[in-house]
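Trainee: I am new to this structure and would like to learn how to read its features one by one. Could we look at it together?

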Amino acid sequence: MPPARRASVRRLDLPLRSSSSSSSPRAGARPIDALERHFALEVPRVFSEAERAALVAGVRAARDAWTADFGAEQFSLGRAFYTHLETGRSRLYFADAAASDERVERHLPGLQRRMRELVAALTGGLAQPRRGFCGPGVHIFPAGEKVAREGGVVHFDTEGLSDYHLARRLRAITVVVMLELPEADGGLKLWDVLYDGRDDPGDEALSTRSLVAGYSPGGALVIDSYRLHQIQPFPGDRDRISATVHAAEIDSGRWETWF
């Protein structure tokens, strides 16, 4: 029988390593195996305070390079696949992928590499860019806008997974590093519900046990991409700014990453 899953967040301290290493993936237990027993993993201090502050300054300085999504309810630096899929702009997403990565690297040097290194450390495998997709990027949820007032959409992070991947339930994770916390709240609500082929989980799923996972500045939350979740509302005048990478295991120990 699978281990009982706890409604809890497991804290991990991880040494980061190069995502482009030519060595073979490590055998044995991997940090992400803890997702079989916990709702999420917390990795503190992915970025130091100085690094975090510099990244936030870089995001703000890049205001003219942000992509507006859902009528400017939210923004990104680097194009996000799910926002383009849901607004009928997938062709633009793929056409602009290389330029998107150039913008992120220009304004936030090394961010994409560091996010892939985090995936490599979590999986014990190789983490490489997904061909044709945009690399890791940043979401900006403005204070006072829809997500701040009402919270995000309740969803699974399955939009970027292929039908092949979904049918075989191959492993996939979502990694979010908080660059700037709102003044209060804005955590991530997680339900004891995993994707079963239906995008709309229904009222019964929303009545199951849940928890709200908090963030630490510069720290990461890691979830199974098949887990039901929702960004919580947040008050105040400070935006919620986070770096995100999605990753899917395409072969044993080999992971593709995208945004």
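Trainee: Which residues lie nearest the centre of the largest pocket?

Mentor: On a 1 Å grid over the protein atoms alone, a pocket is an open set of points with protein on both sides within 12 Å along at least five of seven lines, a cavity is a set where a 1.4 Å probe fits but cannot get out, and lining residues have an atom within 4 Å of a point. Here 27 residues line the largest pocket, and Tyr82, Phe141, Val153, His155 and Ile231 lie nearest its centre. This is a predicted model, in which local features need pLDDT of at least 70 and side-chain atom pairs count only at pLDDT 80 or more, while totals for chains, interfaces and linings use all residues. Residues are numbered from 1 along each chain as its sequence is written, and side-chain values use heavy atoms, with hydrogens and water left out.

Trainee: Which element gives the largest share of the lining of the largest pocket?

Mentor: Helices (H or I, at least four residues) and strands (E, at least two) are DSSP runs, numbered from the N terminus. In this model the largest share of that lining, four residues, comes from β12, and the elements that supply two or more residues are α2 (81-86), β6, α6 (146-150), β7, β11 (227-231) and β12.

Trainee: How much space lies in the largest cavity, and which residues line it?

Mentor: A volume is the space filled by probe spheres set on the grid points, which are joined across faces, edges and corners. The largest cavity holds about 90 Å³, and its lining consists of Ala80, Phe81, Tyr82, His139, Asp157, Glu159, Gly160, His246, Trp258 and Phe259.

Trainee: What does Val138 touch?

Mentor: Contact means heavy atoms within 4.5 Å. Leaving aside residues up to four places away in sequence, Val138 touches several residues, among them Val59, Phe75, Leu111, Leu179 and Phe259.

Trainee: Why does Arg45 count as exposed?

Mentor: Buried means under 20% relative accessible area, exposed over 50%, and partly exposed in between, with a 1.4 Å probe and protein chains only. Arg45 counts as exposed because its relative accessibility is 58%, while Arg169, at 37%, counts as partly exposed.
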